[in-house]
Amino acid sequence: MKALLMILSIALIGGCSMRDTVNMDTPTNQVFDLNDNDKDGVIVARERCNDTVMGATIDNYGCGKIKPINERQELKILFANDSYYIDPQYYDQVETIATFMREYPNTKVTIEGHCSKTGSYDHNLALSQNRANAVISTLSERFGIEADRLTAIGYSYDRPVDPTHTQMAHKRNRRVIAEVTGEDTTADMKWHIYTVDEEVK
């Protein structure tokens, strides 16, 4: 019996040694590119959107999720009573909007003009429209923003920020609002373990 077991063991060992072996002397060809060139956590083999903004939220194919822009901001432009003249000292307020629109070229802006409640409604409607038009003209002529991206609306004194009739209230109500909108603009950002608040020097 022992002799039979010994013969079977030798036969099994011999059979194992007869299996095909793979020669590892030649390099293995990698079928898929496993690199992550834009460092977004998605390998090249699955990447559909290269050069994703660093830190943006992405889907399984490396495409950034887009967050629509809808920014509303009051411009710190003070108008004299019954005037729509923009003093050059306020050009930096308009330039802030222009700079943002150049950075995000698919945005549009609506400029709202507002007045204080002095004088007739119709007179103030025209005045508020002229104030909005003055900002639009500055954006277009001075800062080169395309006219088809700009809209001006005058609201007369329908939307006061201060409904009282003090001199300060009238001053605050003579204002312009910029509302910037866009559909394919800023990337939706996410925090991750490599995110820092400031650039490391």
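**Chat notes on a predicted model**

Colleague: Quick one to start: is G154 buried or exposed?
Modeller: Buried, with a relative accessibility of 11%. Keep in mind that this is a predicted model.

Colleague: Noted. Where does G154 lie?
Modeller: In strand β3.

Colleague: And what is G154 in contact with, leaving aside neighbours within four places in sequence?
Modeller: G113, L125, S128 and Q129. There's also a C-alpha to C-alpha distance of 7.6 Å between G154 and L127, which sit 27 residues apart in sequence.

Colleague: What about S156, where is that found?
Modeller: In the loop between β3 (150-154) and α4 (167-173). S156 is buried, at 0% relative accessible area.

Colleague: What does the side chain of S156 reach?
Modeller: The backbone oxygen of Y121, at 3.0 Å. Beyond four places in sequence, the contacts of S156 are G113, H114, C115, Y121, N124, L125 and S128.

Colleague: Let me zoom out. How many helices and strands are in the chain?
Modeller: 4 helices and 4 strands. Starting at the N terminus, the order is α-β-α-β-α-β-α-β. The chain has 201 residues, and 32% of them are buried.

Colleague: How much of the contact count comes from residues 24 or more positions apart?
Modeller: 67%, taking contacts with a separation of 6 or more.

Colleague: On to the largest nonpolar core. Which residues touch the most other members?
Modeller: I77, I97, V109, I111, V135 and L139, out of 24 residues in that core. Two or more residues each come from β1, α2 (91-103), β2 (108-114), α3 (121-142) and β4 (175-187).

Colleague: Which element gives the most to this core?
Modeller: That's α3, with 5 residues.

Colleague: Pick V135, then. What is V135 in contact with, skipping neighbours within four places in sequence?
Modeller: L75, I77, I86, V94, I111 and V176.

Colleague: Now the outside. Which residues make the nonpolar surface patch?
Modeller: V31, F32 and L34, covering about 350 Å². V31 is exposed at 68% relative accessible area, and lies in the loop between α1 (2-17) and β1 (66-75).

Colleague: What's the accessible surface of the chain?
Modeller: About 14200 Å², and carbon and sulfur atoms account for 53% of that.

Colleague: Changing topic: how many salt bridges does the count come to?
Modeller: 4. One of them pairs R72 with E112, at 2.8 Å from N to O. R72 is in strand β1 and E112 in strand β2, so this pair ties together parts that are 40 residues apart in sequence.

Colleague: R72 and E112: buried or partly exposed?
Modeller: One of each. R72 is partly exposed at 46% relative accessibility, while E112 is buried at 3%.

Colleague: What does E146 form a salt bridge with?
Modeller: R149, with the closest N and O atoms 3.2 Å apart. E146 is partly exposed at 42% relative accessible area, whereas R149 is buried at 9%.

Colleague: And what about D162 and its salt bridge?
Modeller: D162 goes with R172, and their closest N and O atoms are 3.6 Å apart. D162 lies in the loop between β3 and α4, and R172 in helix α4, so they tie together parts that are 10 residues apart in sequence. D162 is buried at 15% relative accessibility; R172, at 41%, is partly exposed.

Colleague: Last one: which residues do shared partners join into one network?
Modeller: R72, E112 and E179, through salt bridges.

Conventions:
Residues are numbered from 1 along each chain as its sequence is written. This is a predicted model: local features need pLDDT of at least 70, side-chain atom pairs count only at pLDDT 80 or more; totals for chains, interfaces and linings use all residues. Side-chain values use heavy atoms; hydrogens and water are left out. Patches are made of residues with over 30% relative accessible area and no salt bridge: like charges are joined within 9 Å, nonpolar side chains (Val, Leu, Ile, Met, Phe, Trp, Tyr) within 5 Å. Accessible areas come from the Shrake-Rupley method with a 1.4 Å probe; for residues, only the protein chains shown count as cover. A salt bridge is a side-chain nitrogen of Lys or Arg within 4 Å of a carboxyl oxygen of Asp or Glu. Buried means under 20% relative accessible area, exposed over 50%, partly exposed in between (1.4 Å probe, protein chains only). A polar contact is a pair of N or O atoms within 3.5 Å; within protein, one must be able to donate a hydrogen and the other to accept it, and residues adjacent in sequence count only if both atoms are side-chain atoms. Contact means heavy atoms within 4.5 Å. A nonpolar core is a set of buried Ala, Val, Leu, Ile, Met, Phe, Trp, Tyr and Cys residues joined through side-chain atoms within 4.5 Å.
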